[in-house]
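Please look through the sequence and the model before reading on, and keep both in view. The report below moves from the sheet to the helices and then to single residues.

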Amino acid sequence: DAEFGELALLRLAGARAVGHLSCEGIGVRWTEARKREILDSRAGLTARLARAIARLDPKPAVLLSASAVGYYGDRGDEWLEESSAPGTDFLAGVTRAWEAATTPAREAGVRVVQMRIGIVFGPGGGMLARVRLPYSFGLGGRIGSGRQWLSWIAVGDLIRFVVRAIDDAAIDGPVNVVSPSPVRNVEFSAALGAALHRPAVIPVPAFALRVLFGEMADGVLLASQRVRPARLLAAGFAFDQPTLDGALRAALTP
């Protein structure tokens, strides 16, 4: 695939599995230009990779492609499983396109796993790195009403799933890669404050977030996704960190 690059094709040749996790960050105000970047970094790049994989000989056995629980949109208290309908907002549309972009690889006979990943908790980066400083100074608290659900996964469990999915042919299609214990934002705030031995009682009003971040505030910060890892549980996947307190301790311990 000339648009993907000959060097990239050479590096993929002979691979047993290909994993694709890269994408543009969503935690900033969404201008129209930024929206295009978000979409292309997910659906566009995945489509180019899938077309490249389809041309390889031999082909990898599996493509592990990142997706996200944003697929479901803002759904309040509804329990969401892999069979649940997609949402209708911007991120849900992006995620539908992201998953559909793997089609060339699947049509070429490659097993495709679309990992609907929640917030990842681990040391050294991600969401915790962004919020740790204000919480460390006692400036943390719930966002908006605090009732929105947060579906998350410890980074170690995410890695263990990826390793298993490489060899387990029964893992195919969309999979909710989240802990079985989603929490409300207010519960997350209290748990993070406790883990850092700081109060977490300063709320961030929804209207202020909308002024600062526009559409992104409702699409990410205030959105509620109560996701169950139904396929993982059915497959007997054992989580090392199934509870929030344990995951936060592991992520925050030097």
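## The sheet

An open sheet is built from four strands in the order β1-β2-β4-β8, and the pairing is parallel; two strands are said to pair if DSSP finds at least two bridges between them. Strands (E, at least two residues) and helices (H or I, at least four residues) are DSSP runs, numbered from the N terminus. At the edges lie β1 (17–20) and β8 (173–177), each of which pairs on one side only. From one strand to the next, the twist averages 25°, where angles run from 0 to 180 degrees between N-to-C directions, and axes are lines fitted to C-alpha atoms, for helices over the stretch in contact.

This is a predicted model, in which local features need pLDDT of at least 70 and side-chain atom pairs count only at pLDDT 80 or more, while totals for chains, interfaces and linings use all residues. Residues are numbered from 1 along each chain as its sequence is written, and side-chain values use heavy atoms, with hydrogens and water left out.

Within the sheet, strand β2 (residues 62–68) runs parallel to β4, and seven bridges join the two. One of the residues involved is alanine 68, whose bridge partner in β4 is isoleucine 117. In general, the strands of a sheet pair through backbone hydrogen bonds, either parallel or antiparallel.

## Helices on the sheet

Helix α2 packs on the sheet, where it touches β1 and β2, and its direction makes about 170° with that of β1. Contact here means heavy atoms within 4.5 Å. Helix α6 (residues 155–167) lies across β1, β2, β4 and β8, and runs at about 165° to β4.

## Two helix pairs

How do the axes of α2 and α3 cross? The axes of helix α2 (residues 32–55) and helix α3 (residues 90–100) come within 8 Å and cross at roughly 20°, and α2 and α3 are therefore roughly parallel to each other; angles under 35 degrees count as roughly parallel, over 145 as roughly antiparallel, 65 to 115 as roughly perpendicular and the rest as oblique. The residues that meet are Lys35, Ile38, Leu39, Arg42, Ala43 and Thr46 in α2, and Phe90, Val94, Ala97 and Trp98 in α3. By class, this contact of α2 with α3 has seven nonpolar, one polar and two charged residues, where Ala, Val, Leu, Ile, Met, Phe, Trp, Tyr, Cys and Pro count as nonpolar, Asp, Glu, Lys and Arg as charged, and the others, Gly among them, as polar.

Helices α5 and α7 pack at an angle of about 65° with their axes 11 Å apart, and α5 and α7 are therefore roughly perpendicular to each other. On the α5 side, Met127, Leu128, Val131 and Tyr135 take part, and they meet Phe188, Ser189, Leu192 and Gly193 in α7. The residues of this contact of α5 with α7 divide into six nonpolar, two polar and no charged.

## Helix α7 and what follows

In helix α7 (residues 185–195), the buried residues are Asn185, Phe188, Ser189, Ala191, Leu192 and Gly193; buried means under 20% relative accessible area, exposed over 50%, and partly exposed in between (1.4 Å probe, protein chains only). Among the elements that cover these buried residues of α7 are β5 (119–121), α5 (126–136), β6 (149–150), β9 (183–184) and α11 (244–252).

Histidine 197 is found in the loop between α7 and α8 (206–213), and its phi is near 60°, a positive value in a residue other than glycine. At 68% relative accessibility, histidine 197 counts as exposed.

## Residues in other loops

Is serine 84 buried or exposed? Serine 84, which has its place in the loop between β3 (79–80) and α3, is buried, with a relative accessible area of 14%. Not counting residues up to four places away in sequence, serine 84 touches Tyr71, Tyr72, Arg75 and Trp79.

Alanine 108 is found in the loop between α4 (103–107) and β4 (111–117) and is partly exposed, with a relative accessible area of 30%. With residues up to four places away in sequence not counted, alanine 108 touches Ala54 and Lys59. Its C-alpha atom is separated by 9.3 Å from that of alanine 50, although alanine 108 and alanine 50 are 58 residues apart along the chain.

Proline 58 is found in the loop between α2 and β2, and a cis peptide bond, with omega of about 5°, joins aspartate 57 and proline 58.
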